[in-house]
Amino acid sequence: MAKDNELNDQMQVRRDKVEMLKENGYQPYASADAFKPEQHFQELQDEYKDDDKETLETKGVKVKVAGRLMSKRGKGKVGFGDLQDSTGRIQLYIRRDEVGEDDYRAIWKKADLGDIIGIEGEVMRTDMGELTVRAERIVHLTKSLRPLPKDHFGLKDQEIIYRDRQLDLIMNRDSYDVFVKRSKIITAVREFLNQNDYLEVETPVLHNLAGGASARPFITHHNALDMDLYLRIALELHLKRLVVGGMERVYEIGRVFRNEGIDHTHNPEFTELEVYTAYYTMYDVMDLVQHMFQYVADKVNDGNRTVVYDGKEIHLDGEWPRVHMVDAIKAETGVDFWPEMSDEEARALAEKHHVPYKETDTYGHIVNNFFEEFVEDTLEQPTFIYGHPKAISPLARGNEEDTRFTDRFEFFVAGHEYGNAFTELSDPIDQRERFEAQMEEKANGNDEAQPLDEEFLRALEVGMPPTGGLGIGIDRMVMLFTDRQSIRDVLLFPTMRNK
């Protein structure tokens, strides 16, 4: 309780200072017209990094900067502080006789950590060698009413970091840099696709049916139409309708929503990239994925195609291995799913090898269960796993050589799935049968089975060219390139339980 009272006391003192500023003719919340910075701190650090004290004195460089006050020290007529802007920090040197008695007392002496101020002055270097702005004018811009966290080594409380992201960005530069890099990653993805003649589009977030993936949706209600709608769980079905309409290369980067659990790689809302390319097979899409990741590495990782994730080197360069799911299972366990077998025989294998399964699981489900149980975690370097069973791939084109499987792949890095892709199913009759099989699964208790989408089937009946489709989790991609093991570390505002 004492801690809460202490905090309230600090906040009251700051509110009192707001009134003091007003009484002395200062604006506690100034307009941007009051002061417009002309330089960023990192620019100054870079430009004058080789200049010693005497050189800077000779140059007499004048600057106009602004930022948040992060530290403050000194007594009497002289003060030092550290100011932080979007690029970094720089030291301030404040003298009462240079900024004026009134401003020194009313602004600098009364300033609290977290306040935003503007400084005009000259760039200098102290005897200790630190680049510093010697103030000739100080301007109060914004009063901070809430104290910053007291942590000399940065904010560590995960609850505050995720719930009050603004404090994390202020206190933890490495976290700030993660989100700068996230923006650059998304920009690089767009550049790559745009350079390859893809058209970026936007499709609805509210759907009549929750299709395009196997997931539980969020349900909402439209009052005017008096109908239930679903937040989209995927971008797929609308994008394929655009391919039917003649848009041969389309993509969308957007939020999707799944009403499922939360863990270190899952959040109820996340960012997905989906790409559809007419006249592509899944093998063409494999090339696309590999080249995209390598392009992003070149752009955001200084041309280094080796990244470190969770202490391990991940090599993105070269050709990524392509392994059939059944072969991957056999290599890891010795169990061979190539011979023809009944669903009962497949379930017996699961029983023998202690692989979880349901009594309704078919051969295809059991194959996938084996893969997830024994193989997925072992795929450290980038690897394409293809040939998913038809039972778990309702939207993928069937494999012509073995009809138990589809022309679908997922790619894995560091034991995690990063994307899903396939040669699209363009046969509307086959697609209807797949949807009907999914409806049977739903009736048998599979909440994630896909509904029968008549609008999508009508589009397929118009005729879709042979097409390759791809879905990539942007958040996991960012995790890889920033070496973050929790999705919450790469989402600015992850979903949190109410306090």
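I take a nonpolar core to be a set of buried Ala, Val, Leu, Ile, Met, Phe, Trp, Tyr and Cys residues joined through side-chain atoms within 4.5 Å, where buried means under 20% relative accessible area, exposed over 50% and partly exposed in between, with a 1.4 Å probe and protein chains only.

I note that this is a predicted model, in which local features need pLDDT of at least 70 and side-chain atom pairs count only at pLDDT 80 or more, while totals for chains, interfaces and linings use all residues. Residues are numbered from 1 along each chain as its sequence is written, and side-chain values use heavy atoms, with hydrogens and water left out.

**Cores.** I looked up the largest nonpolar core and found 46 residues, with L273, F409, F411, L470 and F481 having the most contacts inside it. Helix α10 (residues 282-300) gives the most to this core, with 11 residues; helices (H or I, at least four residues) and strands (E, at least two) are DSSP runs, numbered from the N terminus. Apart from this core lies another, of 27 residues, which includes Y48, V65, A135 and I138. I then listed the contacts (heavy atoms within 4.5 Å) of F481, leaving aside neighbours within four places in sequence, and they are K181, I185, F293, V296, A297, V300, V307 and L316.

**Helix α8.** I checked α8 (residues 173-195), whose 23 residues reach 33 Å from first C-alpha to last, close to the 33 Å expected at 1.5 Å a residue, the expected span being 1.5 Å times one less than the number of residues. Among its buried residues are K181 and I185, and the cover over the buried residues of α8 includes α7 (165-171), β10, β11, α10 and α16 (474-482). After α8 comes D197, with a positive phi near 70°.

**Strand β10.** I found seven of the nine residues of β10 (residues 249-257) buried. Strand β6 (residues 199-200) runs parallel to β10 and is joined to it by two bridges, pairing being defined as at least two DSSP bridges between two strands, and E200 stands opposite Y251. With β11 (residues 269-278), β10 pairs in the antiparallel sense over nine bridges, and F257 stands opposite E269.

**E122.** I placed E122 in strand β4 (residues 116-125), where it is partly exposed, at a relative accessible area of 23%. The side chains of E122 and K62 are joined by a polar contact of 3.4 Å, meaning a pair of N or O atoms within 3.5 Å, of which, within protein, one must be able to donate a hydrogen and the other to accept it, and residues adjacent in sequence count only if both atoms are side-chain atoms.
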